Every structure is written in structure tokens, then in C-alpha cells.
Number of protein chains: 2
Amino acid sequence: MTLNETHDAGLQSWVVSANTGKSDFPIQNLPFAVFRRKSNSEDFRGGVAIGDQVLDMAAVRNAKILSSEVQLQVEAAAQSQLNTLMGMTHTHWSALRLALSRALRAGAAEEAALKGCLVPQADVEYAVPAQIGDYTDFYTSVHHATNVGKLFRPTNPLMENYKWVPIGYHGRASSIRVSGVDFKRPNGQIKAPDVNPVLKPCNRLDYELEMGIYAGSANAWGNAIGMDDAENHIFGLCLLNDWSARDVQAWEYQPLGPFLSKNFATSISPWIVTLEALVPYRTAFTRPTDDPQPLSYLSSEANSQHGALDVQLTVAIQTEKMRAEGKQAEQITQTSYRHAYWTMAQLVAHHTVNGCDLQPGDLLGTGTLSGPTIDQAGALLEITEGGKTPLSLSNGESRTFLLDGDAIVFTGWCEKPGAARIGFGEVRATVLPAHKA
Amino acid sequence: MTLNETHDAGLQSWVVSANTGKSDFPIQNLPFAVFRRKSNSEDFRGGVAIGDQVLDMAAVRNAKILSSEVQLQVEAAAQSQLNTLMGMTHTHWSALRLALSRALRAGAAEEAALKGCLVPQADVEYAVPAQIGDYTDFYTSVHHATNVGKLFRPTNPLMENYKWVPIGYHGRASSIRVSGVDFKRPNGQIKAPDVNPVLKPCNRLDYELEMGIYAGSANAWGNAIGMDDAENHIFGLCLLNDWSARDVQAWEYQPLGPFLSKNFATSISPWIVTLEALVPYRTAFTRPTDDPQPLSYLSSEANSQHGALDVQLTVAIQTEKMRAEGKQAEQITQTSYRHAYWTMAQLVAHHTVNGCDLQPGDLLGTGTLSGPTIDQAGALLEITEGGKTPLSLSNGESRTFLLDGDAIVFTGWCEKPGAARIGFGEVRATVLPAHKA
């Protein structure tokens with residue numbers, strides 16, 4: 001995947017809201033989602049973001065506006081779940097991106113026809129954009145692993161396997177929800193020292209700042225995907241909040257890993273930014289020189305040169321009090337995906353080295369993307385040192401863990417001189433009171 | 001769920017092979033699978049086992065043989081995936097069972113019409129019978145947990161949480177295969193003491209004797225299923241082999257649990273025995289009196305009285321040498337599901353107590369069902385004490401872990417005086433050589 005005309009920072013769209021330099025969705029981005037107009041009974045269908053609009057791919061398909069050379073892709077992108085599009089090859093995705101880029105450029109002959117296919121983003125609601133067959137969550141930030149390890153296992157914070165194995169586990173697909181869907185604080189077994197466990201609402205509810213990686217075309221069951229082919233099996237990325245019940249987790253997680261502490265809810269941003277859109281933001285993948293180098297099935301020259309990805313990420317909180325006072329969410333963390341210890345390609349190569357098959361639409365979470373310093377930490381568990389040091393907010397409130405009514409908002413974007421700024425939008429959800437246990 | 005006319009041990013079918021007293025599939029069983037005739041391009045569709053035949057539910061639907069009162073169920077049972085049938089209620093399932101039981105009885109008026117809907121089991125192949133959205137694996141045998149714990153954690157074999165929490169974790173849905181599909185020995189990172197890990201074929205490949213529980217109707221996301229309702233959300237059971245790469249597992253499993261050591265393959269038997277068919281084999285659920293009693297969300301009077309299930313289970317091995325010599329598989333274990341420390345209802349209640357939603361077709365593995373003695377152990381890891389004590393086979397071979405060419409066969413059945421013997425068939429798969437790493 002290389003830079004091409006679709007990445008040209010000088011490109012302007014006839015959708016003028018895309019040209020502000022501040023929009024998440026300039027013509028160089030062109031992410032996919034599944035949407036419908038709010039408050040009516042329309043079917044969900046695929047769309048592409050451009051400025052403050054959604055290009056309705058079902059309308060584009062129906063009006064036969066784009067070249068017949070990309071007809072299969074247009075039909076796939078118009079569906080209510082994008083698995084068919086994801087199951088195509090990079091060549092297919094790239095051809096569709098080029099066709100969309102050309103048709104949305106200022107002066108394009110398609111302007112008049114495509115105008116009728118735009119729906120304001122303000123008027124739409126989104127769905128989970130694919131049937132997610134399997135959801136895997138990794139643990140790719142060595143900073144997060146070390147910070148958390150200190151709390152759960154003071155004598156053994158970073159395990160011996162961490163720098164060799166891209167640690168991951170399977171998560172729950174059924175409880176993944178799109179941004180804006182609020183969720184109840186979970187009940188669970190919680191154990192205080194020296195007394196029996198009890199069932200009660202989680203008292204240490206946390207977020208985890210992650211990115212989600214959608215698998216593209218499948219590998220045959222039994223066949224590994226090598227590093228040089230790994231990125232061909234990635235469709236694109238979103239923002240992901242791996243909500244976590246820390247008190248439930250501490251009691252349940254040995255020996256088989258987190259379960260009910262995670263599977264009550266996972267929130268994702270609606271827009272999927274394709275790997276091709278992210279080409280300008282690829283960056284070198286390096287490790288401290290005294291760390292072990294990855295085994296050969298996790299190494300490639302290309303991965304060292306540009307295996308990492310520089311996505312700026314923020315976490316903000318909007319408490320109920322802030323909302324009542326009309327205050328926006330307050331930022332509490334800013335970091336970048338580039339600090340991850342394992343790259344996307346390494347996750348794909350590792351996941352399949354035993355023959356496990358990835359299917360189009362499968363979702364891989366990166367794990368909490370904490371950076372090297374505490375103001376880059378991606379979870380309250382780290383920021384508050386396990387609840388010992390409350391986080392102070394500017395309106396006088398403080399938090400150790402989340403309270404009912406707290407909304408958490410993640411944003412993500414890429415920017416650098418000479419390239420167009422592109423964004424991921426946001427993933428937002430609010431904690432609702434627990435169901436009576 | 002109670003005993004009714006369908007359980008009457010005296011019932012005979014006009015399909016005479018069902019009446020031998022030795023068939024897994026007498027008229028009192030009536031399990032579901034998805035099948036087609038071998039070696040042709042027929043579509044898969046649902047079927048019901050009766051004796052040595054499959055009743056083709058698509059043919060039954062097309063010929064409109066059963067009462068229109070069960071038409072919805074017949075249509076659902078005819079599909080190529082049984083999720084729609086599973087998403088119905090126990091009342092629906094029970095009505096279909098009654099209609100099938102009456103129509104298959106000796107003397108039934110439907111005999112002539114239904115005869116044309118039979119396909120010999122010898123002529124068919126099976127598919128995974130549902131779209132399995134999420135697969136969860138539990139750890140319900142305290143004997144297994146203790147045996148394995150001694151090997152992985154000699155100082156702390158049974159963790160403090162075991163007797164309080166039905167420990168479970170999410171597994172891989174995409175790599176579940178039906179009986180008869182062979183699989184490659186997985187490659188993985190393996191670490192010997194005092195040297196760096198290397199990628200190589202698993203050298204400690206094992207099986208795990210489990211049952212699989214198919215979820216029926218869904219719970220709303222955010223709402224727990226209580227103990228008294230839990231079994232209404234279970235469609236039926238199968239046999240399940242949770243293939244395990246012990247050397248990969250030992251190196252990767254901390255702190256997030258098993259991942260690549262399990263997700264390369266899981267094998268299931270094709271036939272799903274419904275919970276209603278199993279009513280005669282329900283049995284009391286008891287715990288040692290000095291063990292903690294389950295928390296209230298995991299307790300009910302009904303669960304204590306008949307929450308457990310007495311399914312006889314066997315493991316047999318057929319090595320390549322045995323096959324060459326025309327020998328049948330040699331039994332190495334016999335045990336019963338009744339030894340489990342947590343019941344099916346407890347698994348459902350626990351899984352959903354945090355609001356996690358179960359969907360029709362979701363699969364819950366029980367975990368390895370080792371009984372109290374070593375000849376009842378459900379994995380080689382236990383039988384061979386972690387590979388230290390080889391298992392001797394009657395033909396002079398021995399095994400610590402599985403070799404290429406070994407086939408493992410599980411069978412399961414229920415029998416007791418006064419009730420019809422019913423069986424699960426088998427789950428069988430053979431280890432193929434590893435893909436070149």
C-alpha cells in the first residue's frame with residue numbers, strides 16, 4: 001500500500017464542509033459506516049463520510065452513478081453489514097476509494113447526481129457496521145501492561161512472556177454496541193478481603209482506550225498469514241472502548257482470564273477508516289535495543305520501517321453535573337497508537353500462526369493504548385493507581401472510577417505537515433445505573 | 001420441564017432400527033442436526049435422527065406432513081442453520097417433539113408419507129448445526145481444575161475463586177468444526193526453561209472431554225437470566241472436544257487466559273439432544289457439606305433437586321497403527337457429566353448476571369468433565385500427569401500426548417432402569433501433521 005492521488009493534501013471536495021482543514025472527514029479519508037436516518041423505519045445501509053455528510057451508498061448503487069468497474073464494491077458497501085466489502089481484496093477496496101475520491105472532488109462530473117445521495121450526519125444514527133463473528137482483544141501497550149501488572153501482581157508486573165508473545169484473548173461479540181448506546185453498570189461477584197464474595201453492582205467501573213481493527217479477507221482454516229501478507233487482511237480501524245469492571249476482574253480472572261468483567265459491553269465508533277487512508281501516518285516500529293527482537297514469524301523489514309501507526313487519541317469525561325451545567329466533556333488523556341509494543345501486522349500473524357481462521361468483519365482490539373507517561377494512560381485504573389489517587393476535574397468533582405451518569409468520549413485523528421488531517425469521529429457512551437441484582 | 005408421553009420407555013417406532021434398545025436414537029431421543037447426502041451438491045438442511053435414519057425436515061416441510069400447529073417449528077428445523085428453531089420457546093420445541101414422536105410411532109398414520117423423508121445416516125455428512133455467534137468455555141469439573149492446577153501451579157492448585165465463581169472464558173467460534181473434520185497440529189510459541197521461545201509444532205497436543213450446551217432464546221442485553229428461568233434458555237446438548245496445545249498454553253496463558261493454545265480447532269458432535277429428551281436423566285446437584293454453598297443468584301430448589309445431568313461419557317483413541325491393523329478405537333476413559341461442580345442453569349445464570357446477552361445458537365462448553373478418579377480423567381494432561389507417566393495401549397503403543405494420525409472419539413449416552421437409553425452419537429477427529437512453520 002502506497003501513497004497515491006487519493007492522499008494528495010491539496011484535494012478539495014465539492015462538499016465544502018469537507019474542506020475546512022478541521023473536519024474528521026475530508027476527501028482524503030472516506031471512511032465507511034452503516035447508518036439510517038433517525039426516527040424512522042428506514043433500513044440500515046452503508047455510507048461514506050464526507051465533511052458533515054454521509055454519502056448513502058445504497059442511493060449511489062440505485063442511481064448507478066459510479067463506474068461499472070466498481071459495481072461489486074458499491075453493492076457490497078450499500079449493504080446493512082459490510083462483511084462482503086471486507087471480504088474483498090485490497091485491490092477492490094482501493095479501486096472503490098479512487099472512484100469515490102474522483103467523484104467527490106471539486107469539479108467532478110458526478111457532483112449533480114451524488115448531491116442527491118447525501119444525508120447530513122446530524123440526521124443519522126449508526127449501527128455496528130459488520131456482523132462480528134469473533135472479537136479478540138490484545139494487550140499491545142507495554143506501558144499499560146506494566147502499570148496494571150503493578151496493581152494486580154506487585155511482585156511480577158510485566159510477565160516473562162510479554163515481550164515475546166502478543167498477548168490476547170477472546171472477547172464477547174454479542175455485546176458490542178455502536179457509539180451512543182448507553183449501558184447499565186454490571187452486577188458481578190465482588191470479594192473484599194477476609195469475607196465471602198457477594199453479588200453487587202460493580203464499584204470500580206473503568207474504560208479502556210483502544211483501537212479496533214476489522215479483519216478483511218479470510219485465511220483458510222489451518223493456514224497462517226505471514227507478516228508480508230498480514231496487512232492485506234486488514235480492512236480498517238475504529239475507536240473502541242473496552243469497558244471493564246475492575247473489582248469483578250480481580251476476583252474472576254484467574255486462571256482463564258477476564259470474562260464477566262469485560263463482556264457486558266464494548267463500544268465502538270461507527271466509522272471505519274481504511275488502512276489505505278492511513279498510509280501517510282505509518283511510522284517506524286522500534287523497540288528498546290535491549291529488548292528481545294520479535295521471532296521471525298513476527299518480523300519483517302516493512303514492519304520495522306512503517307509497521308506502526310501514528311493516531312492521536314484522547315479520552316474525555318462528561319459527568320452528569322457537567323451535562324446539567326452545559327459543559328462539554330473534559331479531556332483527561334492524550335496519547336498515540338504509535339506507542340504500541342506490537343503492530344497490527346504482528347497481531348494478524350500471531351493470531352493465525354496456529355491455523356486459526358480470521359473471517360471478514362472479525363474485530364481485533366489493540367488493548368489499552370497507554371503511552372509512556374501517566375497523562376497518556378488509557379484507563380482510570382492506571383491514572384488513579386488502582387483507585388488510590390483520585391482524578392480531579394476542573395469543576396471540582398473527582399473520580400477514582402466511573403459513577404452513574406458519566407459519559408466517556410474517545411476521539412482519534414491523524415495529522416502532520418504535508419498530509420491531510422483525517423479523523424475517526426468519536427465513540428461515546430454513558431453509564432446507566434445497575435439493574436437490581 | 002417434566003416427563004410426558006414422549007419419554008415413555010415402551011414407545012416403539014415404525015423405523016425398526018430405532019427399537020433395538022442399543023441405538024443412540026430411539027423414538028424417545030429425537031435429536032436435531034444439519035446434514036446432506038454425501039458427495040453431491042445438495043444444500044444442507046435440518047434433520048432428526050431416528051434409529052439409523054435421518055428424518056429430512058426439509059422434505060417433511062415440503063410434503064406438509066405434520067400438523068399446521070407446528071408449521072413454524074418445522075420450517076425452522078428445515079433450515080441449514082438451526083438458530084431460528086433455537087430462538088423459539090420451550091413450548092414450541094415441546095410441541096414439535098410431541099408431533100414428531102406421534103408421527104414416528106409404530107402404527108402412526110404418517111408412516112407412509114414420512115418414509116419418503118428418510119435418509120440413511122450412512123449416506124449423509126453433517127455441518128455445524130447453527131451459526132455460533134459466541135462460544136464460551138467453562139471449567140466446571142473441580143476434579144479437572146484440581147488435577148491441572150497441580151501441574152501448572154503446584155503451590156496453588158485450586159484457586160480461591162473456584163468454589164464461588166463458575167469460571168469461564170470466551171473461545172473461538174470460527175474454528176469450531178463438526179465431527180469428522182480433521183485438523184492440523186498447530187504451530188505456536190513454545191518455551192523450554194532457560195532458553196528463548198521458538199515457533200514450532202505443538203509437542204503436547206491434547207483433547208478435552210466436554211459437553212456443549214446450545215443457547216436457546218436470547219435474553220435482552222442488560223437483563224440477567226435468573227436460575228428459575230435459566231433452563232428455558234437452553235436448547236440442547238452435544239459432545240465437544242476442546243483440543244488443547246499444552247506447551248503453547250503454558251507459555252501464553254498469563255495473564256489473560258488461553259488463546260492460541262485452544263482456538264485452532266474445537267470439534268462438536270453433529271446431533272443436538274434436546275433438554276426435554278434428557279428429562280429422565282436429571283439428577284440431584286449436591287456439594288460436599290464443607291464447601292461453600294452457591295450465592296443466591298446461583299441457587300434454586302429445582303437446581304438442587306435435579307440440576308445435574310447423568311450423561312455417560314467415554315474417550316477412545318485410534319492410532320494410525322490401530323487403523324492399519326483394522327482395530328477399533330480403544331477406550332481410555334469413562335465418566336459422567338453428573339460430577340460437574342456447576343450445573344447448566346448456573347452457567348446460564350452466571351454468564352448473564354452482568355447483562356451479557358446470550359443469543360440463539362451460542363455454544364457453552366462445560367470444560368473438561370473429569371470425574372473423581374484418574375480413570376475418569378478427561379484429558380491426557382491429567383492421565384499422564386503432565387506427560388510424566390505414559391498411557392499404555394493394548395497394542396503395545398503408548399502416549400504422553402497425541403501423535404499425528406491419532407483419532408480421538410468421544411461418545412455419550414444416558415441409560416437407567418425404566419427409561420429408554422438415548423445417545424449423543426460421537427465426535428471424532430484425527431490429528432494431521434503441522435503446516436510447515
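Predicted model: local features only at pLDDT ≥ 70, side-chain atom pairs only at ≥ 80, totals over all residues.
1. One salt bridge joins A:Lys191 to B:Glu160, with the closest N and O atoms 3.5 Å apart.

2. Polar contacts also link the two chains: 37 residue pairs are counted between chain A and chain B, both residues of each pair being at pLDDT 80 or more. Several elements of chain A each supply at least two residues of the side that touches chain B. They are the strands E6 (135–138), E7 (168–171), E9 (183–184), E10 (187–190) and E11 (198–201), together with the helices H8 (246–252) and H11 (344–352). Which element gives the most to this side of chain A? E7(A) does, with four residues. By residue type, the side of chain A that touches chain B divides into 30 nonpolar, 22 polar and eleven charged residues.

3. The extent of the interface may be stated in residues and in area. In chain A, 63 residues are in contact with 63 residues of chain B. About 5800 Å² is buried between the two chains, and carbon and sulfur atoms give 59% of that area. On the side of chain A, the residues that lose the most area to chain B are A:Trp221, A:Leu256 and A:Phe259, which together make up 15% of what that side buries.

4. Is B:Thr352 buried or exposed? Its relative accessibility is 0%, and B:Thr352 therefore counts as buried, the limit for that term being under 20%. A polar atom of the side chain of B:Thr352 lies 2.9 Å from the backbone oxygen of B:Val348. When neighbours within four places in sequence are left aside, B:Thr352 is in contact with B:Asn219, B:Asn223, B:Ala224, B:Ile225 and B:Leu358.

5. Helix H6 (residues 142–152) of chain B has the following buried residues: B:Val142, B:His144, B:Ala145, B:Val148 and B:Gly149. These residues lie on the same side of H6(B), because they cover an arc of only 150 degrees around the axis. Against which helix do the buried residues of H6(B) pack? Their partner is helix H12 (380–383) of chain B.

Note on methods. Residues numbered from 1 in each chain as written. Chains lettered and ligands numbered in written order. Heavy atoms only, no water. Contact = heavy atoms within 4.5 Å. Buried area = accessible area lost by both parts, 1.4 Å probe. Salt bridge = Lys/Arg side-chain N within 4 Å of Asp/Glu carboxyl O. Polar contact = N/O pair within 3.5 Å; in protein donor to acceptor, adjacent residues only side chain to side chain. Nonpolar A, V, L, I, M, F, W, Y, C, P; charged D, E, K, R; others polar. Buried < 20%, exposed > 50% of the residue type's maximum accessible area, 1.4 Å probe, protein only. Arc of directions from axis to C-beta.
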